[in-house]
Amino acid sequence: MADTLTVHRAGLATVQDLGRFGRSRYGLPVNGALDQHSARVANVLCGNAEGGPLLEITALDFSCTPSTDVLVAVTGAPADLTVDGVARPQWEPVSVRSGQTIRITGIRLGIRVYLAVLGSFNTPSLQGSCAPDTILGFGHVLRDGDELGLHTHCPPLDHPHFRIPLFRLSAPVPRFHATWTIDVTDGPDLAEFGDTAERLFRAPYTVSAQSNHIGLRLGGEVPRRVATGEVLSRGVPVGAVEVPAGDELLVLHRGRGVTAGYPVLAVVTATGLSALGQVRPGQSLRFRHRTLAEAVTAHRAQRHAVDALKTRVRTVFDALRIPVPPL
Amino acid sequence: MPDTDSSVAIVDCGDSAVVARATSGDAERDWQLVHSLADAFDAVRLDGVYGIVPTYDALLVEFDCAGTDHETVRRVLRREADRLGEGPVRTAAARRFVVPVVYGGEYGPDLPVVAEQLGLTEQEVVELHSGADLTVRCLGAPAGAPMMDGPAFPRPVPRLASPRTRVLPGSVAVAGRQAVICPMPSPGGWPLLGRTPLSVLDLDADPLTPYRPGDTFRFRPITPEQWDDHAGLPLAVSHG
């Protein structure tokens, strides 16, 4: 297969997937798409496996042209999506003809956009995943002019009424905000913070520019550890809210080192982590306390919505005779 | 609610993780227990579990709470911990790695400061660091770094007040009562004593690093002139 996706304007884009699972015992962070929900939905809208490779486009404008007819889906933060200058919807499959230019501009409210293509990208893999690991120096960071190998097999889809969307699949679209509410549950070391723990919920925090896929730094009123004594290095989960010395909170995200030595005050929920993957430096966020049961229920509801979408996609693709790989 | 029936306490750690903590208070025994428990739990291959991190006295288990639940993970951890009983024994034979290190100077810029903090000469610090086999306790951050029991220094070594933004690969560092080799360039707050010319990590290997918890490292001082004799060679088990 010699089909390619030619990248004109790469901005800050990488080939990404849901992460490198099962390697934390060997010291490797899971990494993977920071907004897991949007990444899953992009692949599902293309009939792909949820964990297949797709593009993660961060903050800056992006454009590319496929060498063959493709079906794409663009999810994540609100942005202006056009194909040869014609506005197209996010969160729905979009048919793109060979040689047309896909443009994603004006990413707003959130910071990450996901672009999946029916089929797969040709990209290097490490321990079963193409997810970039910046500490290992692994990952496919796109550059202007790159030609990304494409394995695709989508017939051209003609629509009798141009500009009327071909699909109405009603994907589960999360809300994007200028100020965010991020759900957390109690952390295992909550008691070490005494009365100061409640500060976490009192006022909003401002997201520092030093934030990335490893962790977000938040400025604001910081709880203080009242217990003394050294904390032995131990495994900390993605989502751990830590209070290092200084005036900032640290919230660990998917690129975090698997071990750390700070007490864990709270843990961001699974749905909260997808939202946190969209928070922009300079925005403000508030934490909201959830019980474990509430957090699990919310995550299962979100995943159930993706499963239901998968079924609708199958039905529609079968009707249109779009071949999809077996899941 | 913490589950503390026996020598292991199991606590929830958010909606996608639990932690099992060994509670005997004996460091060697706690470490044996969490690593034995990690092996036993891993062998169960429970659906939905995607990562385990055994360290000194704790085992973190991360999972997808849409694919399994806290109760199931806790139950399996408890069952495997009970099965291990009172005297867990790890069966994997310890291997020994001999690691050449250039100490001090540009290779270990914090050697003078560490010596001063410990009230020792630089030579004494090097002798203590290279004078005994150090046991790998776990693989940690960054990039599967071998986290070792530190050398027999008279007291813990403080972390740097201001962490470096980039530590060179192969850097040999100490902090608290721990020692480590940094496999890849990364930020770091641990004082650097020296640097090995060996290549610690191989991106084409699986796993990426050759050592396991329980293995030992012996550091061997070399001169800067001997650096090129070892440069880029892979870290490998010593059969000498």
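## A tour from R21(B) to the A–B contact

Select R21(B) to begin, and then bring up the residues that touch it beyond its neighbours within four places in sequence: R21(B) is in contact with V8(B), A9(B), D57(B) and A58(B). Bear in mind throughout that this is a predicted model.

Is R21(B) buried or exposed? R21(B) counts as buried because 20 C-beta neighbours lie inside 10 Å, and 20 or more is the cut-off for that class.

Now colour chain B by its domain assignment, which gives domain 1 as residues 8-84 and domain 2 as residues 96-230. The centres of domain 1 of chain B and domain 2 of chain B, taken over C-alpha atoms, are separated by 29 Å.

For the last stop, show both chains and select the residues through which they meet, where 35 residues of chain A are in contact with 40 residues of chain B. On the side of chain A that touches chain B, look for strand 16 (234-235) and helix 3 (292-319) of chain A, each of which supplies at least two residues. Helix 3 of chain A gives the largest share of that side, with 6 residues. Coloured by class, the side of chain A that touches chain B shows 17 nonpolar, 13 polar and 5 charged residues.

How values were computed: Residues numbered from 1 in each chain as written. Chains lettered and ligands numbered in written order. Predicted model: local features only at pLDDT ≥ 70, side-chain atom pairs only at ≥ 80, totals over all residues. Domains from an automatic or database assignment. Contact = placed C-beta atoms within 7 Å. Helix = DSSP H or I, 4+ residues; strand = E, 2+ residues; numbered from the N terminus. Nonpolar A, V, L, I, M, F, W, Y, C, P; charged D, E, K, R; others polar. Buried ≥ 20, exposed ≤ 12 C-beta atoms within 10 Å, placed from the backbone.
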